[in-house]
Amino acid sequence: MNLIIHPDAASAANAAAAMMAQALAAHPRLVLGLATGGTVEPVYARLVELHRQHSLDFSRCRTFNLDEYVGLPAHHRNSYRHFMNERLFLQVNLELANTHLPDGTAPDLSAECLRYESEIAASGGIDLQLLGIGQNGHIGFNEPGAELDSRTHVQTLSATTRAQNSRLFTAPDQMPAQAITMGLGTIRDCRQCLLLATGREKAGIIRQTLTSAPTPAIPATVLHEHPDCTVILDAAAASQLEGLQLPGVALLTNQWK
Ligand code: GLP
C-alpha cells in the first residue's frame with residue numbers, strides 16, 4: 001500500500017484527480033470505478049475543470065459506481081445516479097450509456113447484483129477504483145462484519161452509516177435502510193485502488209485501517225491485500241499516524257510539514 005499525504009483537502013483531491021486523469025489520458029478506454037460522498041466531490045470538480053480547460057477526454061471511458069441506495073429512483077435527489085450525473089457525467093463528454101450504477105429499484109435485487117457483476121466482467125474489469133471511507137471503515141457500503149471476498153450484494157446499513165448519511169436527506173427518516181454495493185472481493189479485483197480520506201473526523205478510522213491486518217471488523221483493511229493501492233490523505237486525516245509503525249505501507253510523499 002502506498003501512502004501520500006497532502007497539506008490540505010483541496011490538494012489531496014487534486015492529487016487524486018491527477019492520478020485518474022493521467023490514467024485516462026494514457027488509456028482512453030479506461031474502466032473507471034467511482035465513488036460518492038463529500039470527500040470525492042472536489043475530485044469530480046477538478047476532473048470537470050481538466051475536461052473544460054485541458055480537453056481531458058471521457059468519450060471512450062466506461063464507469064462503474066460502487067453502490068446505490070435500494071428504493072431510490074435515478075431522478076431522486078439523494079440517489080447516487082443523481083449525484084454522479086450532476087457532479088460529473090453531465091459535465092464532461094461521457095456517454096451516459098457508458099456509465100453504470102446498480103439499479104436500486106430493480107424488482108429482483110439478487111438478480112440485479114448478479115447482473116452488475118456480469119456487466120463489470122464483460123467490460124474487462126475495473127482498471128482504477130476511486131474509494132472514500134466511512135467513519136466505521138466501510139468502503140462502498142460494505143459495513144463492518146462484511147465478508148472479505150464478498151461480491152455485489154444487498155447490504156443493510158449500520159446505525160453509524162445511517163447517522164452519517166441521513167443528514168443529506170431533506171427528511172432524514174427517508175434514508176433507505178439498504179443499499180446495493182460492490183463486495184469487498186469485487187473491489188479487491190480492481191486492477192488499481194485509490195482511497196481518498198480528508199478531514200479530522202476520518203483520522204481515527206484511517207489509523208485503524210492502516211495499522212490493522214485485514215479484518216471484517218474494518219472493511220477497508222481488505223486493501224492491505226491489494227497489490228496496487230494508493231491512499232491519499234490530507235494532514236487532518238493523517239493526524240493520528242505520527243510516530244506509528246505502518247507495516248506494509250510505503251510513505252511516498254509527505255507534504256504535511
Ligand atoms: C457513502 C458511500 C461511501 C463513501 C462514504 C464517505 O457512505 N457509500 O462509498 O466512502 O459515503 O462519505 P464522505 O466522503 O461524505 O465522508
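Which side chains meet in a salt bridge at 2.4 Å, N to O? In this predicted model, they are those of Arg-188 and Glu-225. Arg-188 belongs to helix α6, while Glu-225 sits in the loop between α7 (203–211) and β10 (229–234), so this pair ties together parts that are 37 residues apart in sequence. Arg-188 is partly exposed, with a relative accessible area of 26%, and Glu-225 is partly exposed as well, at 39%.

Let us visit Asp-189 next, which forms a salt bridge with Arg-151, the closest N and O atoms being 2.9 Å apart. Asp-189 lies in the loop between α6 (184–188) and β9 (192–197), and Arg-151 in the loop between β6 and β7, so here the parts tied together are 38 residues apart in sequence. Asp-189 has a relative accessible area of 51%, and because exposed means over 50%, Asp-189 counts as exposed.

Now turn to helix α4 (residues 109–122), where Arg-115 and Glu-119 are four residues apart, about one turn of the helix. These two form a salt bridge whose closest N and O atoms are 2.7 Å apart. Arg-115 counts as partly exposed at 35% relative accessibility, and so does Glu-119 at 24%. Salt bridges that share partners bring in Glu-112 too, joining Glu-112, Arg-115 and Glu-119 into one network.

From charges we can move on to rings. There are five aromatic pairs in the count. Take Tyr-69 and Tyr-80: their ring centres are 4.9 Å apart and their planes stand at 45°, so the pair is tilted. Tyr-69 lies in strand β4 (residues 67–69) and Tyr-80 in helix α3 (residues 80–87), so the pair ties together parts that are 11 residues apart in sequence. Both tyrosines are buried.

Tyr-69 also pairs with Phe-141, again in a tilted arrangement, with 5.5 Å centre to centre and 50° between the planes. Since Phe-141 is in the loop between β6 and β7 and Tyr-69 in strand β4, this pair ties together parts that are 72 residues apart in sequence. The relative accessible area of Tyr-69 is 2%, so the residue is buried, and Phe-141 likewise counts as buried at 1%. Follow the ring pairs onward and you have a cluster of Tyr-69, Tyr-80, Phe-141 and Phe-169. For a meeting of charge and ring, look at Arg-87, whose charged end sits over the ring of Phe-83, 4.3 Å from its centre.

Our last stop is Glu-143, in the loop between β6 (128–131) and β7 (153–156). Not counting residues up to four places away in sequence, Glu-143 touches Asn-136, His-138, Gln-155, Thr-156, Leu-157, Ser-158, Thr-161, Pro-216 and Pro-219.

Definitions and conventions
Residues numbered from 1 in each chain as written. Predicted model: local features only at pLDDT ≥ 70, side-chain atom pairs only at ≥ 80, totals over all residues. Heavy atoms only, no water. Helix = DSSP H or I, 4+ residues; strand = E, 2+ residues; numbered from the N terminus. Contact = heavy atoms within 4.5 Å. Phe/Tyr/Trp six-rings, centres within 6.5 Å; stacked < 30°, edge-to-face > 60°. Buried < 20%, exposed > 50% of the residue type's maximum accessible area, 1.4 Å probe, protein only. Lys NZ or Arg CZ within 6 Å of the ring centre and 35° of its normal. Salt bridge = Lys/Arg side-chain N within 4 Å of Asp/Glu carboxyl O.
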